[in-house]
Amino acid sequence: MKKQILLTTLVALSLFELGCAKKFSSVQPSEVAPVTTSVAPDPSRSADPGLAYTTGASAAFVPDSIAVLTQYAATHPLNAPSNFKMNVNVSDIGSGRYGGVVQISYYDNGNYYNGYFATGTGTVQTSYKNIDTGKPTAEFNQWFASGGKQVFHGFFQDQYGAVVLVVDDSLTSGDGGLPSEVNGSIWFKNFTPTYASQSPEKCWFIQIGPYDCRTFVGSNGGVDTTSALYPSSANGYVRLGTFTGLNVKSAFNK
């Protein structure tokens, strides 16, 4: 009798488990589109205590406000950030176009945070209506004359958005060449959060969608880089802060 009761119990349990398995197997997890990115060879805007600037030139950086810095940070809340610094390491890749990296760092809550923004040194493979196809990715990063002096601006990108480095204040060398030290500002635009895959092209060549980071926009919709010195707030750019005493020879590898 005990064996019969035990056998009956086991059969009942098996039937119950089979019913549950069928019930739960019919519920399929929803698929979420993966977010891919073509940039960020190094961590960007995240804590990295081991990182140090060993190339290029570094300069003191002063954010415009904690509110603006919070908007820029994107990946984490801020407590009491301090010891701000920036580093520029670019070089002429041909025809006076400068490709390389801009980094922005600070300490907060005992961590070291560093934003790593790159231009790249390749060429554009595809672009809207082919207006930029074949151009260097650093096409818009150049020195030009404005207000009677030599100025510079350039685009740099990480996986969260773009920054524009602006050099607008310097003492001329007297021979028409570049100055020895410069001052300027950094402007940023974060990408709109999206599940859309990121384009392999740099954001300043994109003319539609959440990864468009153009400014200095010309009549054909592309970037007319010498049409203005500062990025436009109409294009979503915000000034992050200013820097002083950037050594041109080291920063631009002259």
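What share of the contacts in the chain with a separation of 6 or more is accounted for by residues 24 or more positions apart? In this predicted model, such residues account for 63% of those contacts, a contact being heavy atoms within 4.5 Å. Local features were taken at pLDDT of at least 70 and side-chain atom pairs at pLDDT 80 or more, whereas totals for chains, interfaces and linings use all residues. Residues are numbered from 1 along each chain as its sequence is written, and side-chain values use heavy atoms, with hydrogens and water left out.

The secondary structure consists of three helices and ten strands, assigned as DSSP runs numbered from the N terminus (helices: H or I, at least four residues; strands: E, at least two). Along the sequence the pattern reads α-β-β-α-β-β-β-β-β-β-β-β-α. The chain has 254 residues, of which 41% are buried (under 20% relative accessible area, with exposed over 50% and partly exposed in between; 1.4 Å probe, protein chains only). Its accessible surface is about 13200 Å², and carbon and sulfur atoms contribute 55% of that area, as given by the Shrake-Rupley method with a 1.4 Å probe.

In soluble globular proteins, nonpolar side chains tend to be buried together. Here the largest nonpolar core comprises 33 residues; such a core is a set of buried Ala, Val, Leu, Ile, Met, Phe, Trp, Tyr and Cys residues joined through side-chain atoms within 4.5 Å. Leu165, Ile186 and Leu240 have the most contacts inside this core. Beyond four places in sequence, the residues touched by Leu240 include Phe61, Val68, Tyr72, Ile104, Ile186 and Trp187. A second, separate core has 20 residues, among them Phe155, Ala162, Tyr211 and Cys213.

One disulfide was found in the whole structure, the criterion being a pair of cysteine sulfur atoms within 2.5 Å. It joins Cys203 and Cys213, whose sulfur atoms are 2.1 Å apart. The link of Cys203 and Cys213 is right-handed, with 80 degrees about the S-S bond. Cys203 and Cys213 are both buried.

Thr215 is also placed in the loop between strand E9 (181–190) and strand E10 (238–247). Thr215 counts as buried because its relative accessibility is 0%. Its side chain makes a polar contact of 2.8 Å with the side chain of Asn235 (N or O atoms within 3.5 Å; within protein, one able to donate a hydrogen and the other to accept it, and residues adjacent in sequence counted only if both atoms are side-chain atoms). Apart from neighbours within four places in sequence, Thr215 contacts Phe155, Val223, Pro231, Ser232, Asn235 and Tyr237.

The structure contains 17 aromatic pairs, defined for rings of Phe, Tyr and Trp (its six-membered ring) with centres within 6.5 Å; planes under 30 degrees apart are stacked, over 60 edge-to-face and the rest tilted. Tyr72 and Phe117 form a tilted pair, at 6.3 Å centre to centre and 40 degrees between the planes. Tyr72 belongs to helix H2 (residues 66–73) and Phe117 to strand E5 (residues 111–118), so this pair ties together parts 45 residues apart in sequence. Both Tyr72 and Phe117 are buried. The pair of Phe191 and Tyr211 is edge-to-face, because the ring centres are 5.0 Å apart and the planes stand at 80 degrees. Phe191 and Tyr211 are 20 residues apart, each in the loop between E9 and E10, and both are buried. Ring pairs also link Phe140, Phe155, Trp204, Phe205 and Phe216 into a cluster.
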